[in-house]
Amino acid sequence: MQLALFPLSAHLLPGGIMPLRIFEPRYLRMIAEAQVREFALCMLDPRQPDALRNMYPIATRVRIIDFDRLPDGLLGIKVQGVDRLRIRDLWQEGDGLRVCDAQPLPPWQGGRLPQDQRNLAQALREVFSDYPEYAALYHEPAWDDACWVAQRWIEVLPIPAEQKQWLMACEDYRPALRLLSNLLVTSH
């Protein structure tokens with residue numbers, strides 16, 4: 001699958017929603033071509049010296065769910081994560097837009113959040129309460145879905161990008177729930 005890449009300093013996972021400000025010509029073109037060639041969000045890797053390849057290998061294909069002209073005149077879009085991908089090869093087009101050949105990763109299957117991990121959903125509710133602009137992106141939070149809770153935590157948790165990449169590459173969300181459970185226990 002061939003996709004355009006939008007590199008960021010943040011991760012987005014399937015089901016996640018993120019607002020973006022688009023102003024560079026290459027990314028305006030990427031948005032204009034989104035019906036023909038989809039795009040993915042990828043995380044920048046500042047340790048990688050090669051400017052073309054300075055991104056982590058796990059990315060998320062997204063779809064545009066809303067767009068608007070912002071007060072400053074820039075294009076504002078909201079994207080939602082669709083599925084995880086592994087970047088296989090990448091190259092740069094004439095205007096600097098990076099494009100990749102990517103392999104879709106199997107989707108994580110949702111499941112009911114176990115009773116002994118309900119505190120993870122409650123702690124995430126507190127994050128939503130502390131950041132109402134973030135909470136406003138999610139009209140129907142899936143507090144009982146272990147996969148959804150794990151994915152939102154991976155997006156917001158202040159852990160190293162390498163660790164997030166490792167969690168995103170896992171076959172399912174269980175390693176993320178284990179990590180989160182351990183972190184919440186040690187922080188209280």
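Predicted model: local features only at pLDDT ≥ 70, side-chain atom pairs only at ≥ 80, totals over all residues.

Trainee: What makes the link between the side chains of E155 and R152 a polar contact?

Mentor: The distance between the side chains of E155 and R152 is 2.8 Å, and the limit for a polar contact is 3.5 Å. If you skip neighbours within four places in sequence, E155 is also in contact with H11, L12, L13, G16, Y134, Y138 and K164.

Trainee: How do you know that α4 is mostly covered?

Mentor: Count the buried ones: ten of the eleven residues in α4. Among them are A146, C147, V149, W153 and I154.

Trainee: Which residues touch the most other members of the largest nonpolar core?

Mentor: Those are L124, F128, V149, W153 and L177, in a core of 34 residues. Elements giving two or more residues to this core are α2, α3, α4, α5 and α6, and α4 gives the most, with seven. Take V149: beyond its neighbours within four places in sequence, V149 is in contact with L113, L120, A121, L124, A142 and W143. There is also a second, separate core of 18 residues, including F6, Y27, A34 and F39.

Trainee: How do you know that the buried residues of α2 line one face of the helix?

Mentor: Buried in α2 are L120, A121, A123, L124, V127 and F128. Look down the axis of α2 and its buried residues fall within an arc of 160°, so they line one face. On the other side of α2, S129 and D130 are exposed.

Trainee: Now the rings. Why is the pair of F6 and Y27 called edge-to-face?

Mentor: A pair of aromatic rings is described by the distance of the centres and the angle of the planes. For F6 and Y27 the centres are 4.7 Å apart and the planes are at 75°. Pairing needs centres within 6.5 Å, and edge-to-face needs planes over 60 degrees apart, so this pair is edge-to-face. The structure holds eight aromatic pairs.

Trainee: What parts does the pair of F6 and Y27 tie together?

Mentor: F6 lies in strand β1 and Y27 in helix α1, so the pair ties together parts that are 21 residues apart in sequence. F6 counts as buried at 7% relative accessibility, and Y27 counts as buried at 7%.

Trainee: What makes W143 and W148 edge-to-face?

Mentor: Set the values against the cut-offs again: 5.6 Å centre to centre and 85° between the planes, where over 60 is needed for edge-to-face. W143 counts as buried at 14% relative accessibility, and W148 counts as buried at 10%.

Trainee: Which residues form one aromatic cluster?

Mentor: F128, Y134, Y138, W143 and W148.

Methods. Residues numbered from 1 in each chain as written. Heavy atoms only, no water. Core = buried A, V, L, I, M, F, W, Y, C linked by side-chain atoms within 4.5 Å. Buried < 20%, exposed > 50% of the residue type's maximum accessible area, 1.4 Å probe, protein only. Helix = DSSP H or I, 4+ residues; strand = E, 2+ residues; numbered from the N terminus. Contact = heavy atoms within 4.5 Å. Arc of directions from axis to C-beta. Polar contact = N/O pair within 3.5 Å; in protein donor to acceptor, adjacent residues only side chain to side chain. Phe/Tyr/Trp six-rings, centres within 6.5 Å; stacked < 30°, edge-to-face > 60°.
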